[in-house]
Amino acid sequence: MKEDKRKYHLFSLCGLNCGLCPRYQTEGSSKCPGCGGSDFHLKHPACVVITCTRKHDNVEYCFECSLYPCKKYSEASKTDSFISYRNVLSDFNKAKTFGIENYQKELDDKVMILENLIENYNDGRKKAFYCLAINLLSLSAIKSIMEQISKEVDCKDLDVKDKIKIIDEMFEAAAEKEKVELKLRK
């Protein structure tokens, strides 16, 4: 497959939030560059969605295609991979309704928060959890949690494990309130 460059590689052609994926947020040879990022075609040489869009409207995002919603998007996927597919249709709807620039701003905010969590509150085992939580929860809930962390966690003299335990509880409480399960579906 030839290289497929995209203007914004953190939101994929197929609707995944690449910037919130553990494979994007990793270091080393398994790091994914995001959809249409540098050397994406080498990491994902047989992307069926890129092949499909080349056959049809050659759009930046599937929701822009004249055939959308096609069979692939008639309902939300029931399984996940490294990243949850649960929000694909609602994220497409946000981008379509409020404009891709507004959606990109929201996603940029989420990526920045995620990177902060990974850098400051990670014992080496929390990245996937943070990626999932940031992807599935609303930005307002996430910002509220970050304010709580600032007020209730950062000011205390706790080790990282104790901070993480409190932060986990905050995310789980927000997930319960939003009726979201913070687990990948296999």
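## Helix α4

The model discussed here is a predicted one.

Several residues of α4 are buried, including Ile100, Tyr103, Leu107, Val111, Leu114, Leu117 and Ile118.

Gln25 belongs to the segment before α1 (40-43). Its relative accessibility is 12%, and because buried means under 20%, Gln25 counts as buried.

The side chain of Gln25 takes part in two contacts described here. It reaches the backbone oxygen of Gly19 at 2.8 Å, and it makes a polar contact with the side chain of Glu115 at 3.4 Å. When neighbours within four places in sequence are left aside, the residues in contact with Gln25 include Val111, Leu114, Glu115 and Ile118, together with Lys31, Lys127 and Cys131.

## Pockets

Rolling a probe the size of a water molecule over the atoms shows where empty space is left. The largest pocket has a volume of about 450 Å³. Its lining is made up of 20 residues, and Cys14, Leu16, Phe40, His44 and Tyr85 are those nearest the centre. By class, 15 of the lining residues are nonpolar, 3 are polar and 2 are charged.

The second largest pocket holds about 170 Å³ of space. It is lined by 13 residues, of which Cys52, Cys62, Cys65, Cys70 and Tyr73 lie nearest its centre. This lining consists of 10 nonpolar residues, 2 polar residues and 1 charged residue.

## Backbone features

Most residues other than glycine have a negative phi, and most peptide bonds are trans. Tyr68 and Pro69, however, are joined by a cis peptide bond, with omega at about 0°. Pro69 lies in the loop between α2 (48-55) and α3.

Asn58 is found in the loop between α2 and α3, and its phi is positive, near 50°. With a relative accessibility of 53%, Asn58 counts as exposed, because the cut-off is over 50%. Lys179, which is not a glycine, has a positive phi of about 60°. Lys179 is located in the segment after α7, and at 76% relative accessibility it counts as exposed.

Notes
Residues are numbered from 1 along each chain as its sequence is written. This is a predicted model: local features need pLDDT of at least 70, side-chain atom pairs count only at pLDDT 80 or more; totals for chains, interfaces and linings use all residues. Side-chain values use heavy atoms; hydrogens and water are left out. Buried means under 20% relative accessible area, exposed over 50%, partly exposed in between (1.4 Å probe, protein chains only). Helices (H or I, at least four residues) and strands (E, at least two) are DSSP runs, numbered from the N terminus. A polar contact is a pair of N or O atoms within 3.5 Å; within protein, one must be able to donate a hydrogen and the other to accept it, and residues adjacent in sequence count only if both atoms are side-chain atoms. Contact means heavy atoms within 4.5 Å. On a 1 Å grid over the protein atoms alone, a cavity is a set of points where a 1.4 Å probe fits but cannot get out, and a pocket is an open set with protein on both sides within 12 Å along at least five of seven lines; lining residues have an atom within 4 Å of a point. Grid points are joined across faces, edges and corners, and a volume is the space filled by probe spheres set on the points. Ala, Val, Leu, Ile, Met, Phe, Trp, Tyr, Cys and Pro count as nonpolar, Asp, Glu, Lys and Arg as charged, and the others, Gly among them, as polar.
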